[in-house]
Amino acid sequence: MKMIYGIKDRPTAGKLIVFAFQQMIAIMAATLLVPMLVSTVDLHLDPAAALFGAGIGTLVYIFCTKGRSPVFLGSSFTFIGAMSAAVAQNYGYWGLIIGVGFAGLVYVIIAIVIKFVGINWLNKLLPAVIIGPVVAVIGLSLSGTATQWMMYNAANTENYNLISILCGLVAFFAIVLTSVKGGKMLKLIPFIVGIGAGYLLALIFTLIGKAAGVAYLQILDFTPFIETFGEINLQSFLDYPKFTFLMGIETAGEYAPIDGAMIGNLALLFAPIGVVELAQHIAHHKNLSNIIEQDLIEDPGLTRTLLGDGIGSIVGAVFGACANTAYGESVGCVAITKNASVITLFTAALGCMILSFFSPFVAVINSIPKCVMGGACVALYGFIAVSGLQMLKEVDLGDNKNLYVVSAILVCGIGGFALNFGTNSSGNAIISVTAIAAALIVGLITNLIVNIGKNKDGGEDELSADVAAVTDALNAEDETENQEKSEE
């Protein structure tokens with residue numbers, strides 16, 4: 001896919017701000033949602049702090065990759081189970097920071113191993129027949145969230161609403177029309193146009209609903225504005241995010257003490273998920289490489305991207321509690337807008353950090369209806385899924401060896417197959433392997449099984465075939481030499 005702006009390109013100042021703002025909108029809803037889902041009555045995670053953490057984590061990533069990879073890091077949904085378990089076990093804010101630290105350390109260790117051993121083993125472990133469907137599953141597994149937000153305008157399924165569906169579809173169709181029919185400038189900002197159109201329609205319906213006293217029409221929630229401007233003061237305009245390390249200092253003694261048992265349990269909770277996230281990290285970077293037609297696994301190299309992701313996640317957690325990961329929404333935004341400029345991602349990261357201090361901006365972002373974001377996510381998640389399927393274009397699906405591997409990953413991933421181990425005091429699993437990770441594990445095992453020994457039809461595996469090919473070549477060479485000698 002030919003990019004309008006390449007990795008090293010620098011848009012003009014005006015365009016740069018607009019493009020960066022679009023990236024911010026693309027990643028913001030999910031980044032703000034993770035701390036909301038983990039927060040409890042006893043422990044509150046500030047979404048603005050998570051936004052700051054995503055921004056500073058992305059800057060760390062860009063620094064580690066020397067500005068050669070257009071990736072934005074945002075709050076990871078994969079760690080929600082581990083984070084919730086840590087909160088349920090009363091480990092507090094420091095428990096979250098330490099836990100994410102273990103996951104980030106896994107990335108760092110693997111990066112060091114790759115530095116000295118190379119990545120050939122990794123390419124053999126995770127070929128296109130595995131990475132392709134895993135990327136597709138990442139997009140398709142998120143599709144339920146997009147449609148649920150559109151139908152119910154919420155993260156629950158209590159109030160089905162046709163008006164919210166209309167607002168979501170307007171946002172989606174506006175994105176489509178802008179991307180396909182828009183002018184040169186509009187094609188670069190389809191999400192701003194789409195979300196803006198959906199938001200405006202939701203506002204109109206909400207005002208009509210309030211005037212007529214019809215709750216069904218009230219799609220937009222003004223609560224974020226009421227909380228921000230209910231009492232006009234300095235905090236209504238400027239307020240520092242409730243950083244995790246500050247909350248840890250303020251609540252010292254209120255949670256379980258940091259001891260060996262706590263640290264060991266946190267390692268068991270978070271480190272395995274760090275290994276799982278490795279596959280998603282590689283999948284996102286291979287997907288992005290395919291989109292921008294530049295191999296990020298080779299340049300800047302997997303060592304640098306893993307270091308950036310791992311250290312960026314640790315730094316982000318110190319400020320925002322959430323583990324960060326390469327964001328599929330950002331990758332989708334790059335694909336649709338054809339803008340891979342790293343300076344755009346750098347500006348978006350700075351923007352997230354700065355705007356996390358501006359209360360009105362946080363209020364506006366928090367007020368965007370779920371149905372409108374759902375419409376935008378139909379495009380974002382769809383592009384992720386299709387990008388994964390495109391990786392399979394060179395894979396022979398007529399070969400049962402490949403067909404079974406792809407089938408296993410797609411069915412397990414989309415079907416929600418998960419692996420849970422142990423039960424904590426709240427009844428949740430101590431260690432939970434998500435559907436994407438479980439699908440990857442099943443795919444790896446399947447790929448190993450079908451490529452060991454001989455196939456059912458009596459044929460040889462790939463290694464045996466390679467050895468046979470070399471043997472045939474040597475025999476042919478011997479026959480040629482013998483023939484030449486006989487002619488002499």
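This is a predicted model: local features need pLDDT of at least 70, side-chain atom pairs count only at pLDDT 80 or more; totals for chains, interfaces and linings use all residues.

For the largest cavity I wrote down about 60 Å³ of space, and I then listed its lining, which includes Phe79, Tyr107, Glu277, Asp309 and Asn324. Helices H4 (92–117), H12 (260–292) and H13 (297–320) are the elements that give two or more residues to this lining, and H4 gives the most, with four residues. Sorting the lining residues of the largest cavity by kind, I recorded five nonpolar, five polar and two charged.

I went on to the second largest cavity, whose volume is about 40 Å³, and I found Ile119, Asn123, Lys286 and Leu302 among the residues that line it. Here helix H5 (120–125), H12 and H13 are the elements that give two or more residues to the lining, which divides into six nonpolar residues, one polar and one charged.

My next entry concerns helix H2, which runs over residues 47–64 and, with 18 residues, reaches 26 Å from its first C-alpha to its last, close to the 26 Å expected at 1.5 Å a residue. I asked myself why H2 is largely enclosed by the rest of the structure, and the reason I noted is that 17 of its 18 residues are buried.

At the N-terminal end of H2 I found Asp46 as a cap, with a side-chain oxygen 3.2 Å from the backbone nitrogen of Ala48. Lys66 follows H2, and I noted that its phi is positive, near 55 degrees.

Terms used. Residues are numbered from 1 along each chain as its sequence is written. Side-chain values use heavy atoms; hydrogens and water are left out. The expected span of a helix is 1.5 Å times one less than its number of residues. Buried means under 20% relative accessible area, exposed over 50%, partly exposed in between (1.4 Å probe, protein chains only). A polar contact is a pair of N or O atoms within 3.5 Å; within protein, one must be able to donate a hydrogen and the other to accept it, and residues adjacent in sequence count only if both atoms are side-chain atoms. On a 1 Å grid over the protein atoms alone, a cavity is a set of points where a 1.4 Å probe fits but cannot get out, and a pocket is an open set with protein on both sides within 12 Å along at least five of seven lines; lining residues have an atom within 4 Å of a point. Grid points are joined across faces, edges and corners, and a volume is the space filled by probe spheres set on the points. Ala, Val, Leu, Ile, Met, Phe, Trp, Tyr, Cys and Pro count as nonpolar, Asp, Glu, Lys and Arg as charged, and the others, Gly among them, as polar.
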